[in-house]
Amino acid sequence: MARTVVSTDRAPEPPAGIPLSQGVRKGGILQVSGQTAVDPATGKVVEGGVAEQTEQCLRNVIAILEAEGGSLEDVLMLRVYLTDTAHFAEMNETYARVVGEPFPARTTVYVGLPAGLLVEIDALAVLD
């Protein structure tokens, strides 16, 4: 079973010099790389706070899932990386609204991200 790279213009391209793919699929398993709040139309981080950034991260994840015929319904696990514990409640509210029930498994960790980025989200999905 071959491993294939997933790419779509509906999600931002990886930054120049960063060796990663938007997603990788092997059989029915799709791993979506961590998506930040970069709007693929502008190449810039969306304006606003953690709510707006969380929504854009999830839009980017969804675009990569859809490129392979998937959706949030196929996601088993989402990992959320936040830069500040104070952002948890606001991120969680936006996350719940966009993802909807039944919620996939999730891990939230606190990390350092490049300047201006407050959140990053990756996904593991199983596609039919």
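This is a predicted model: local features need pLDDT of at least 70, side-chain atom pairs count only at pLDDT 80 or more; totals for chains, interfaces and linings use all residues.

Q: At what angle do helix α1 and helix α2 pack?
A: Helix α1 covers residues 50-67, and helix α2 covers residues 88-99. α1 passes α2 in a right-handed crossing. The axes of the two helices lie 8 Å apart, and the packing angle is about 35 degrees.

Q: How many nonpolar residues does the contact of α1 with α2 have?
A: From α1, the contact draws on Val 50, Ala 51, Thr 54, Glu 55, Leu 58 and Ile 62. From α2, it draws on Glu 90, Met 91, Thr 94, Tyr 95, Arg 97, Val 98 and Val 99. By class, three of these residues are charged and two are polar, while the number of nonpolar residues is eight.

Q: Which residues lie nearest the centre of the largest pocket?
A: The largest pocket holds about 290 Å³ of space. Its lining divides into nine nonpolar, three polar and two charged residues. Of the 14 lining residues, those nearest the centre are Glu 13, Pro 14, Pro 15, Gly 34 and Thr 36.

Q: How far apart in space are Pro 14 and Asp 84, C-alpha to C-alpha?
A: In sequence, Pro 14 and Asp 84 are separated by 70 residues. Their C-alpha to C-alpha separation in space is 24 Å.

Q: Is His 87 buried or exposed?
A: His 87 is found in the loop between β6 (75-82) and α2. Beyond residues up to four places away in sequence, it touches Val 50, Leu 82 and Leu 118. Because its relative accessible area is 19%, and the cut-off is under 20%, His 87 is classed as buried.

Q: How far apart in space are Leu 118 and Tyr 81, C-alpha to C-alpha?
A: Leu 118 lies in the loop between β7 and β8 (119-126). Although Leu 118 and Tyr 81 are 37 residues apart in sequence, their C-alpha to C-alpha distance is 8.3 Å.

Q: Is Ala 41 buried or exposed?
A: The place of Ala 41 is in the loop between β4 (38-39) and β5 (44-45). Ala 41 is 31 residues from Arg 10 in sequence and 7.9 Å from it in space, C-alpha to C-alpha. Because its relative accessible area is 71%, and the cut-off is over 50%, Ala 41 is classed as exposed.

Q: What is omega for the cis peptide bond that joins Glu 101 and Pro 102?
A: Pro 102 is placed in the loop between α2 and β7 (105-110). The bond joining Glu 101 to Pro 102 is cis, with omega about -5 degrees.

Definitions and conventions:
Residues are numbered from 1 along each chain as its sequence is written. Side-chain values use heavy atoms; hydrogens and water are left out. Axes are lines fitted to C-alpha atoms, for helices over the stretch in contact, and angles run from 0 to 180 degrees between N-to-C directions. Helices (H or I, at least four residues) and strands (E, at least two) are DSSP runs, numbered from the N terminus. A crossing is left-handed if the near helix is turned anticlockwise from the far one by less than a right angle, and right-handed if clockwise. Contact means heavy atoms within 4.5 Å. Ala, Val, Leu, Ile, Met, Phe, Trp, Tyr, Cys and Pro count as nonpolar, Asp, Glu, Lys and Arg as charged, and the others, Gly among them, as polar. On a 1 Å grid over the protein atoms alone, a cavity is a set of points where a 1.4 Å probe fits but cannot get out, and a pocket is an open set with protein on both sides within 12 Å along at least five of seven lines; lining residues have an atom within 4 Å of a point. Grid points are joined across faces, edges and corners, and a volume is the space filled by probe spheres set on the points. Buried means under 20% relative accessible area, exposed over 50%, partly exposed in between (1.4 Å probe, protein chains only).
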